[in-house]
Amino acid sequence: MTLTELDNYFNSFLKKEDYSGDISLNGIQISNSDPDGKEIKKVAFAVDACEATAKIAAELGADVLFVHHGLFWGACQTITGSLYKRVAALIKNDIALCAYHIPLDANNPYGNNYGLANRIGLKNLEPFGTWRGMTLGVKGELPDAITLETLSDKLMRPGKMPVSIIRSGKKVVRTIGIISGGGSSDVEAAVAENLDCYITGEFIHQDYHFASENGINVIAGGHYETETVGVSLVKEKLEKEKGIDCVFIDLPTGL
């Protein structure tokens, strides 16, 4: 499988064309030396495209780095400073970079939000929350109401803790909305839908009082942690369907 074929495979289910409002330049952001000829033998997966993940991918012998947070966000940029270091680490080692942002948040079942919903056992799933006209989250209900502590245990990877839990609503919860990463302000949508709990990555100071005043619980699982899900699910899919050697680079920020 070549780089071009690999990216066509990714896009066959992530469908970047359905997310025209995303300025993140989804797909191949940096090519390798021969995108239509070089065989891809190993793919590294990570949340972020940074100098560290690029160097680790090189040490592991990866041909491609697949990430959720890529290097380019729509505007023209000069390749200097930190951006130069990231780009150089990839090009010097002939590692291609593929990035899928909103398509990897929203995908059912391989995206961050549906992945988290399936992890906690959410049923009757429906789209939830919009950004720039694109629906990216999911809502649903649990078979039985559970405590926030039990929900947190289901949500987080083993040994990981949420960044914060806002206990402003019911003692046990059943209806839940999920938007991974920086979805703090979407707590307003969760309140509008009368949900018991809202799960996101980051929850910022100015949204605390809104949640408290409107009686909704919030779990902030961490921007990084809530977005390890999609890249891990895509990794598993690629391994299973194409037999390509894959590795996940875990580089948590604690945020």
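Trainee: What makes β1-β4-β3-β2-β11 an open sheet?

Mentor: In this predicted model, five strands (DSSP E runs of at least two residues, numbered from the N terminus) line up in that order, with mixed pairing. Two strands pair if DSSP finds at least two bridges between them; β1 (27-30) and β11 (245-248) each have a single partner strand, so one side of each is left without a neighbour in the sheet. Local features here need pLDDT of at least 70, and side-chain atom pairs count only at pLDDT 80 or more, while totals for chains, interfaces and linings use all residues. Residues are numbered from 1 along each chain as its sequence is written, and side-chain values use heavy atoms, without hydrogens and water.

Trainee: How do you know that β2 and β11 pair?

Mentor: DSSP gives them four bridges, in the parallel sense, and at least two are required, so they count as paired. In one of them, A44 has V247 of β11 as its bridge partner.

Trainee: Which residues make the contact of α1 with α10?

Mentor: L6, Y9, F10 and F13 of α1 meet V234, K237, L238, E241 and K242 of α10, where contact means heavy atoms within 4.5 Å. The helix axes, lines fitted to C-alpha atoms over the stretch in contact, lie 12 Å apart at about 115°, on a scale from 0 to 180 degrees between N-to-C directions.

Trainee: What does L238 touch?

Mentor: Leaving out residues up to four places away in sequence, L238 touches L6, Y9, F10, V43, F45, G243, I244 and C246.
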